[in-house]
Amino acid sequence: MVGMGSVDHLRQLIDDQNHNEIIASKANNVINGSSLFGSQSAVPGTNEYRSALWDEKRQTFRVRHDVLIKYLDASGPLTVDHHPSSYAGGPGKFGPEVMFGTTVGDIFSPCTNKTNKKDKKCKKKKGKNKKNKNKKNKNKSPTKEPPSVYLIKAAWGGRSLWWDFRPPSSGTPGYQERYTTATTPTKAAKSHKVKKPRAAPEEDCGWTYRDMIEEIKQGLQELDKILLTQENQNKKKQQDDKSLLPAQQGYEIAGFVWFQGWNDVIWWPAVKEYAFNLANLIRDVRRDIVEYTNHSHYAQLPFVVGELGMHGLQVDNTTYAGQRVLALRRNAEAVTLLPEFCNSTKYVHTAQYVVQEGTQYDGIYHYWGRAEPYFHIGQALGKGALDLLHVRTEGEAQG
């Protein structure tokens, strides 16, 4: 995954403390007269950041009990600060998974979305809970509804698709390719500490790919335990209330999101091979999930590819760095257009969400560490996944 955003900056956006910078960023991110950002009001308390992520009653970030996330050794309800203890960046940062889970969760758990709470189905559900409270168990807290969305995040910094995430089908790069670069680093490159790939033994090739698959398997095993616990709770609820129907158990792996590229874009051989490796990644992830679950339909598992948009829309194609960025973007998008993948993958553009002018929270890296890009990128990736699943958001349905 390409970096994380600042929680402190997100709080400023929620409280409308960055209004001038927001206006400036909108002016710099316009295509054909249309702003690429969502709605933003100058009136405190009405902006999209607050609406999506802030709990007004508790005056803190929303906790989504309907959307669970496993991220390395951390597991639980989705909220802005959910990092594992092993996360090197520490607290105070959030990734695109927050708005991805929020966007998808609002569709699959519509009664948790503020805009949908007036819906008759939500009211009926709420009324039923009230009724149950008046029965024998009125002194007990009602059992929470089972989660509708479960996210497994496998992300580590400083990993390339060319070597670390290299899928098995890509084989191992040649000895010379692993130990030498095509060109001598320029003075500018040295000043930015751009390094050539580290020397590594052949058996280490693809080690992060293997770790990622293991994280997916562990996440699914944990989900099995959650569902088993919920099944036992449902059986008890049925004994107390005979009108309740048995809950439908099990899960469906709905898709996979790939958002990566920084450690490939710094080296031409990795850029040139990106399409080859990404296509094999999609094939191999699907194959491994089919083998693990024993369900053949995952051979067409929906796959969302997020653009490496770090450099924004205005990329200088007269420099080697700019040429590498544009080439990697083209190569990644080209994979999703192949006949093999065109109906089951989607390329999501992210460059339009970069704020080129404004406070930097992570130096020159990772979208400057600003909160707006990660908010909107997560939202866009979520909509891309829903599009592949042929699910339309409320706004799209009305439009």
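A crossing of two helices is called right-handed if the near helix is turned clockwise from the far one by less than a right angle. The legends below describe close-up views of a predicted model.

**View 1. Helix 11 packs against helix 12.** Helix 11 passes helix 12 in a right-handed crossing. From helix 11, the residues Tyr274, Ala275, Leu278, Ala279 and Ile282 meet Leu328, Asn331, Ala332 and Val335 of helix 12. By class, eight of these contact residues are nonpolar, one is polar and none is charged.

**View 2. Helix 12 spans residues 320–336.** Its 17 residues reach 25 Å from the first C-alpha to the last, close to the 24 Å expected at 1.5 Å a residue. Among the buried residues of helix 12 are Gly322, Arg324, Val325, Leu328, Ala332 and Val335. The elements that cover the buried residues of helix 12 include helix 9 (262–265), helix 10 (268–272), helix 11 (274–293), strand 11 (303–306) and strand 12 (345–348).

**View 3. Leu72 sits in the loop between strand 6 (64–71) and strand 7 (74–78).** Phi of Leu72 is near 55 degrees, a positive value in a residue other than glycine. Leu72 counts as buried because its relative accessibility is 15%, and the cut-off for buried is under 20%.

**View 4. Tyr367 lies in the loop between strand 12 and helix 13 (371–388).** Tyr367 is not a glycine, yet its phi is positive, at about 55 degrees. With a relative accessible area of 0%, Tyr367 is buried.

Notes. Residues are numbered from 1 along each chain as its sequence is written. This is a predicted model: local features need pLDDT of at least 70, side-chain atom pairs count only at pLDDT 80 or more; totals for chains, interfaces and linings use all residues. Side-chain values use heavy atoms; hydrogens and water are left out. Helices (H or I, at least four residues) and strands (E, at least two) are DSSP runs, numbered from the N terminus. The expected span of a helix is 1.5 Å times one less than its number of residues. Buried means under 20% relative accessible area, exposed over 50%, partly exposed in between (1.4 Å probe, protein chains only). Contact means heavy atoms within 4.5 Å. Axes are lines fitted to C-alpha atoms, for helices over the stretch in contact, and angles run from 0 to 180 degrees between N-to-C directions. Ala, Val, Leu, Ile, Met, Phe, Trp, Tyr, Cys and Pro count as nonpolar, Asp, Glu, Lys and Arg as charged, and the others, Gly among them, as polar.
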